Amino acid sequence: MARDTSRDGFRNKVESFVLTHFAGLWKIVQSNEFLNRRVNKFVTNNAIYKVPTRPYLFSLMAPYTSWDSLIDRTYTGRHLPADWEFNQGDLPKVEELSTLFKKKGETKYSDKSTLLFPYFVQWFTDGFLRTDRNNRMKNTSNHHIDLAPVYGLNQKSTDLLRSHQGGKLKSQILNGEEYPLFYYEDPEQGIVKSEFAGLYEPPKEQQELDSTKKAKLFAMGVERANVQIGYVMMNVLCLREHNRLCDLLAQAYSTWDDERLFQTARNIVMGIFLKLVIEEYVNHLTPYHFKFSVDPASFVNERWYRQNWMSIEFTLVYRWHSALPDQLTYDNQSMPMLDTLWNNDLLIRKGLGALFEETCAQPAARIGLHNTPDFLVDRAELATVKLGRQAQVASYNDYREMCKFPRVTKFEQITKDEEVQQELKELYGHVDNIEFYVGLCAEDVRENSALAPLVGRLVGIDAFSQALTNPLLAPSIFNPQTFSPLGWEILQATNSLSELVNRNVPQNKPFNVTFYRSETGG
């Protein structure tokens, strides 16, 4: 049975049809630099202008606008005002919603994405979507794609991670490969190395680990950087690239001191990832034939070109817990995903290149309801619903309307899954009662996409408007003077995560690193 598309909106349907058809025409457009830049600007702006632009009228500071709420970025922003009446209405108990997230039968896998996709997403977003554990209305974010998991959230943390020699980050060699230093001096007693005292407060989960796992934890930029093996893989990759660049810069610019080498290498690594986020990661998310590109000069006069401020909606949108399967393959053996938590020995034993390749040889799970691993249902999915209610987030239909989708009037317009339709009806009674996060998860993933329609639109809005406003992408800064002529050349020549991995692992063979399952291609 097909989903009822009567509430998708005529303009939305036309835009989607044009971008997902006429592959030959799009190829011609992108082969012409002038046309490509013009169309890239138009399509990017078309995505961002679906909602009102920053500054946000409200934040989680208060349900009204004040001068403090407009400038205090320690509070999370919000697109729509708090809806106290909706959240005090006849909503189902949070515990009753677990039935929507728990699996019924086997894991449903993505047709498009490899396991690298959820690994990258968690690592990438953890740097700027950081809810304050003591006050969930606030955040501890710098609101930038600044690779905080690698470099730390502030200068004190950064200084503790630096070797202060040759611009490099502190590292060690294990099995012939480079890794961060270990965090603990005495894992048995939980004693942190004195050189990392004050780096961060270890989370409770880390403190409760056995000494064997503690002994292999690395000193990295944020408190949860060791939480899952995919997260650690990305951090190790960035450390290796940073230190590799320091060697190249030192050779090219012999008069540079430690500080300039460090700061320039950091700029280059951040610039590379800003480019890859748009040109590889975001393009993977969409079903479009047109491929977005980084063109900073095209956007500086747009009204959305404002200071970054992460929102509660962006925080909820990026909770893609169901993309992780229950089981994964490691060394050709099946193992529970739960065993990849706080387990750096998996990486040390196998090596970075081989683990990336094995990760990319298996699929991610499909994002949606009835597909979340059991260990994440309570601690992640239901916790997200609670956060939405605590923040008094408006309804799913309100956000559809904000994003220029018609409000749904029937459950059949959300998903073709008849069982989910019935469950939503039993839990919420009417489509207007469906909560934002539940509605996001209930929608069907688009063909040849990693995401459902409303999720995809919200990601596009925030991803573009908060990546392209990064200071390093300002036209006056995005140039060889900032990155050095050598760094600029490296940045411009780096077009994929695969290139980044393969130049930072022992060169016994090229490793296959991709977001795409082999049958879907790039």
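**A quick tour of one predicted model**

Let's start at helix 23, where Pro-485 and Glu-489 are exposed on one side. Exposed means over 50% relative accessible area, buried means under 20%, and partly exposed is in between, using a 1.4 Å probe and protein chains only. Helices are DSSP runs of H or I with at least four residues, strands are runs of E with at least two, and both are numbered from the N terminus.

A word on the source. This is a predicted model, so local features need pLDDT of at least 70 and side-chain atom pairs count only at pLDDT 80 or more, while totals for chains, interfaces and linings use all residues. Residues are numbered from 1 along each chain as its sequence is written, and side-chain values use heavy atoms, with hydrogens and water left out.

Back to helix 23. It spans residues 485–493, and its buried residues are Gly-487, Ile-490 and Leu-491. Seen down the helix axis, these buried residues fall within an arc of 100°, so they line one face of helix 23. That arc is taken from the directions from the helix axis to the C-beta atoms. What covers them? The cover of the buried residues of helix 23 includes helix 12 (229–252), helix 13 (258–285) and helix 22 (480–483).

Next, the hairpin. Strand 8 (residues 327–330) and strand 9 (residues 333–336) pair in the antiparallel sense, over four bridges. Strands count as paired if DSSP finds at least two bridges between them. Gln-327 stands opposite Pro-336 in strand 9. Thr-329 stands opposite Ser-334. Strand 8 has two faces: Leu-328 and Tyr-330 are on the covered one, Gln-327 and Thr-329 on the uncovered one. Two residues sit between the strands of this hairpin.

Most residues other than glycine have a negative phi, and most peptide bonds are trans. Asp-331, in the hairpin turn, has a positive phi of about 55°. Asp-331 is partly exposed, with a relative accessible area of 38%. Leu-147 is not a glycine either, yet has a positive phi of about 55°. Look for Leu-147 in the loop between helix 7 (116–126) and helix 8. Is Leu-147 buried or exposed? Leu-147 counts as buried, because its relative accessibility is 7%. Then there is a cis peptide bond, from Arg-54 to Pro-55, with omega near 10°. Pro-55 lies in the loop between helix 3 (33–48) and strand 1 (58–59).

On to a contact across the sequence. Gln-392 is in the loop between helix 17 (374–390) and helix 18 (396–402). Gln-392 counts as partly exposed, at 22% relative accessibility. Contact means heavy atoms within 4.5 Å.

Last topic: empty space. Rolling a probe the size of a water molecule over the atoms shows where it is left. The search uses a 1 Å grid over the protein atoms alone: a cavity is a set of points where a 1.4 Å probe fits but cannot get out, a pocket is an open set with protein on both sides within 12 Å along at least five of seven lines, and lining residues have an atom within 4 Å of a point. Grid points are joined across faces, edges and corners, and a volume is the space filled by probe spheres set on the points.

How many cavities of 30 Å³ or more are there? The whole structure has ten. The largest cavity holds about 110 Å³. Its lining has 13 residues, with Val-150, Leu-161, Pro-180, Ala-219 and Leu-239 nearest the centre. Helix 8 (148–151) and helix 12 each give two or more residues to that lining.

The second largest pocket has about 1000 Å³ of space. Of its 31 lining residues, Gln-122, Asp-126, Arg-133, Arg-224 and His-321 are the closest to its centre. Which helix gives the most to this lining? Helix 7 does, with six residues.
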